[in-house]
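Trainee: Could we go through this structure together, one step at a time? I'd like to know how to read it.
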Amino acid sequence: MFLPPTGEEIVCSVVGCERQMGVTDDWVFVLSFEIVARANDSRARAGVLHTKDGDVQTPVFMPVGTLGAVKTLSPADLDEAGAQIVLGNTYHLHIRPGEDVVAHFGGLSRFAAWNKPTLTDSGGFQVFSLAENRKITEEGVTFRSHLDGASLFLSPEKSIEIQTKLGSSVMMCLDECVSNPSEYEYVEKSLALTTRWALRCKQYKEQVNSKQLLFGIVQGGVEHDLRQRSAGELAEIGFDGYAIGGLSVGEPNEVMYEVVDRVMGHIPTDKAHYLMGVGTPTDIITAIELGVDMFDCVMPTRNARHGRLFTSTGALDIKLEEHKMSGEPIDKGCNCYTCRNFTRGYLRHLFKSGEMLAFRLNSIHNITYYLSLVRGAREAIINGTFRGYKNLFH
Ligand SMILES: [Zn+2]
């Protein structure tokens with residue numbers, strides 16, 4: 001965040017850009033995203049996202065802390081693994097413990113003793129995936145809690161109000177998620193509503209004068225013309241970053257890559273790009289090449305709790321008999337706490353015995369793997385070797 005002296009002009013710090021950033025007397029200027037390096041043979045780029053809670057080096061992977069905790073991992077574990085920003089779920093935190101409790105403790109980052117940037121989703125995704133008896137109107141969505149069936153209401157303004165109380169570094173606009181495939185007419189109608197909701201989110205954020213960043217979410221299913229329309233309309237409203245939502249929900253991988261590739265041509269290149277809920281290591285490397293900066297996914301932690309571990313030579317199943325007498329670490333190339341100290345044989349024993357330590361040690365390794373993979377991509381982009389990095393990965 002820049003806090004320039006009153007009335008002073010500052011120049012964009014992106015190399016090669018001579019754009020003057022005007023500052024008025026009472027305006028605190030925030031340059032939300034800077035690009036520090038670009039690959040010369042693809043759209044891959046390395047950048048810095050400036051938030052009120054600190055900078056985030058991109059490309060970045062964001063571990064998912066649904067209820068204000070990444071399952072089985074402490075903030076110290078996340079720190080050692082190299083996490084920079086953690087995601088919290090608005091829907092879950094709204095239902096339990098409630099945003100007023102989180103606000104009472106100074107916001108999500110302090111409440112969870114994380115003390116670094118956080119991103120909250122809008123709550124929309126869980127409303128459409130978890131809640132029961134949804135009813136969508138122009139005003140918002142009425143739904144029943146998946147916990148106790150209580151009737152709840154989420155509007156664009158309510159979502160921003162909740163996220164403001166959660167105090168996240170990055171907020172997301174409320175959008176309607178449609179499943180793939182859906183009828184063209186429905187997707188078209190839905191994205192028009194998502195655009196109107198996005199405008200209301202931005203207006204409400206300005207009304208409450210929040211210093212949190214706000215990202216718009218491009219929808220449009222797998223229809224390229226609708227994705228283009230959604231991206232264009234959101235760009236016109238203007239956001240601190242742009243997310244691509246509604247992917248990895250049933251469509252083939254190649255279709256997802258093509259949608260991302262085409263959308264990238266229609267969202268502002270000077271803002272952060274976030275591909276929501278994606279995905280496998282291959283998906284992430286491919287999307288970085290297409291120009292995506294931010295990722296989140298439950299895959300590393302969920303897989304860890306099922307004994308499936310990611311390594312530089314492919315995924316392995318720690319339950320298998322072949323690991324019983326193995327004195328090897330999960331991955332010789334990994335420097336995480338688990339790989340520095342424990343054998344596959346011991347980790348298999350813990351897992352087979354249902355010891356809780358198994359979930360934690362496995363999660364430490366998988367999160368470290370994801371964070372290292374994306375950090376390596378950033379370094380390769382800066383060093384001009386991203387192509388080689390990607391080929392080596394494959
Ligand atoms: Zn490891």
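Predicted model: local features only at pLDDT ≥ 70, side-chain atom pairs only at ≥ 80, totals over all residues.

Mentor: Residues are numbered from 1 along each chain as its sequence is written, and side-chain values use heavy atoms, with hydrogens and water left out.

Trainee: What radius of gyration does the chain have?
Mentor: The radius of gyration is taken over C-alpha atoms, and the globule rule is 2.2 Å times the number of residues to the power 0.38. With 394 residues, that rule puts a compact globule near 21 Å. The chain agrees with this, at 21 Å.

Trainee: How much of the chain counts as buried?
Mentor: Buried means under 20% relative accessible area, exposed means over 50%, and partly exposed is in between (1.4 Å probe, protein chains only). Out of the 394 residues, the buried share is 53%.

Trainee: Is Thr 301 buried or exposed?
Mentor: You'll find Thr 301 in helix H11, residues 299-305; helices (H or I, at least four residues) and strands (E, at least two) are DSSP runs, numbered from the N terminus. Its relative accessible area is 5%, so Thr 301 is buried.

Trainee: Which residues does Thr 301 touch, leaving out those up to four places away in sequence?
Mentor: Contact means heavy atoms within 4.5 Å. With those sequence neighbours not counted, Thr 301 touches Val 70, Lys 71, Ser 363 and Ile 367.

Trainee: Which residues of strand S13 point the other way from Leu 213, Phe 215 and Ile 217?
Mentor: In a regular strand the side chains alternate between the two faces of the sheet. S13 covers residues 213-218, and six of its six residues are buried. Opposite Leu 213, Phe 215 and Ile 217 you get Leu 214, Gly 216 and Val 218.

Trainee: Which residue in S13 is the bridge partner of Met 171?
Mentor: Two strands pair if DSSP finds at least two bridges between them. Strand S12 (residues 170-172) pairs with S13 in the parallel sense, over three bridges. In S13, the partner of Met 171 is Leu 214.

Trainee: Is Val 101 buried or partly exposed?
Mentor: Val 101 lies in helix H3, which runs over residues 99-104. Its relative accessibility is 34%, so Val 101 counts as partly exposed.
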